[in-house]
Amino acid sequence: MTTLSGKTALVTGSTSGIGLGIALSLAKAGANLILNGFGDASTVIAEVEQFGGKVGHHPADVSDPAQIADMIAYAEREFGGVDILVNNAGIQHVAAVEDFPVERWDSIIAINLSSVFHSTRLSLPGMRAKGWGRVINIASVHGQVGSVGKAAYVAAKHGVIGLTKVVGLETATTNVTCNAICPGWVLTPLVQKQIDDRIAKGVDPQQAQHDLLAEKQPSLEFVTPPQLGELVLFLCSEAGSQVRGAAWNIDGGWLAQ
């Protein structure tokens, strides 16, 4: 098992779903954790604290570069900096391009793409100074293929993969790596909403879930947050030290089609 004792991980959007699953995997491996998300995080903090590491929470709205800067300053002040940065925060909106609300486009680009740039640019100097670091961007299969109605999300996730490649190249001669993970369907609140929309049209709940998976994911099974957490641990390990600028699919066969 990868041992991350003494390392500090910051996971954006980590008070639920994929981010929380990744945070728990990192905590189990011994890392200190900085959680990020809105609302009362006391229950989530207690869940992560059970593994014995130091745990903090910063409520930064990652659509705001100034709040991201404050979060990184908090990490430096309270934890000695960020060793592992997991850019996970994301939102979604579905509409045809000609009907896509401009404010929704702007917020999705800000949260799903620009926040990755800002948190990375602010964390890299500390990683370089320490001589070790991991930047792991939670992209999506939609960083490599399109789907109707998801213009902003697809554009943002394609951008995340492009940014990942650039940072991977710029850190290639250091002990800092940058990679992207590209999940297929994970049963998050965003995906559950798509299932609920089908149920609202009279589809049986089990059938609605099956139909969603069958359209894209040949395994007919959801990717789970713990599976994503284990992949993050691999990328943090010595075995993953020469994985650089990669976009790693974990998608039940979606992109093999």
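Hi everyone, let's start with helix α3, residues 65-79: its 15 residues reach 21 Å from the first C-alpha to the last, close to the 21 Å expected at 1.5 Å a residue. That expected span is 1.5 Å times one less than the number of residues, and helices here are DSSP runs of H or I with at least four residues, while strands are runs of E with at least two, numbered from the N terminus.

A quick note: this is a predicted model, where local features need pLDDT of at least 70, side-chain atom pairs count only at pLDDT 80 or more, and totals for chains, interfaces and linings use all residues. Residues are numbered from 1 along each chain as its sequence is written, and side-chain values use heavy atoms, leaving out hydrogens and water.

Which residues of α3 are buried? They are Ile68, Met71, Ile72, Tyr74, Ala75 and Phe79; buried means under 20% relative accessible area, exposed over 50%, and partly exposed in between, with a 1.4 Å probe and protein chains only. Down the axis of α3, these buried residues fall within an arc of 150°, so they line one face of the helix. The arc is taken from the directions from the helix axis to the C-beta atoms. On the other side of α3, Ala66 and Arg77 are exposed.

What covers that buried face? Among the elements are β1 (8-11), β2 (32-36), β3 (55-58) and α4 (102-130).

Now the ends. At the N-terminal end, Asp64 caps α3, with a side-chain oxygen 3.0 Å from the backbone nitrogen of Ala66. After α3 comes Gly80, whose phi is positive, near 80°.

Notes:
Contact = heavy atoms within 4.5 Å. Polar contact = N/O pair within 3.5 Å; in protein donor to acceptor, adjacent residues only side chain to side chain.
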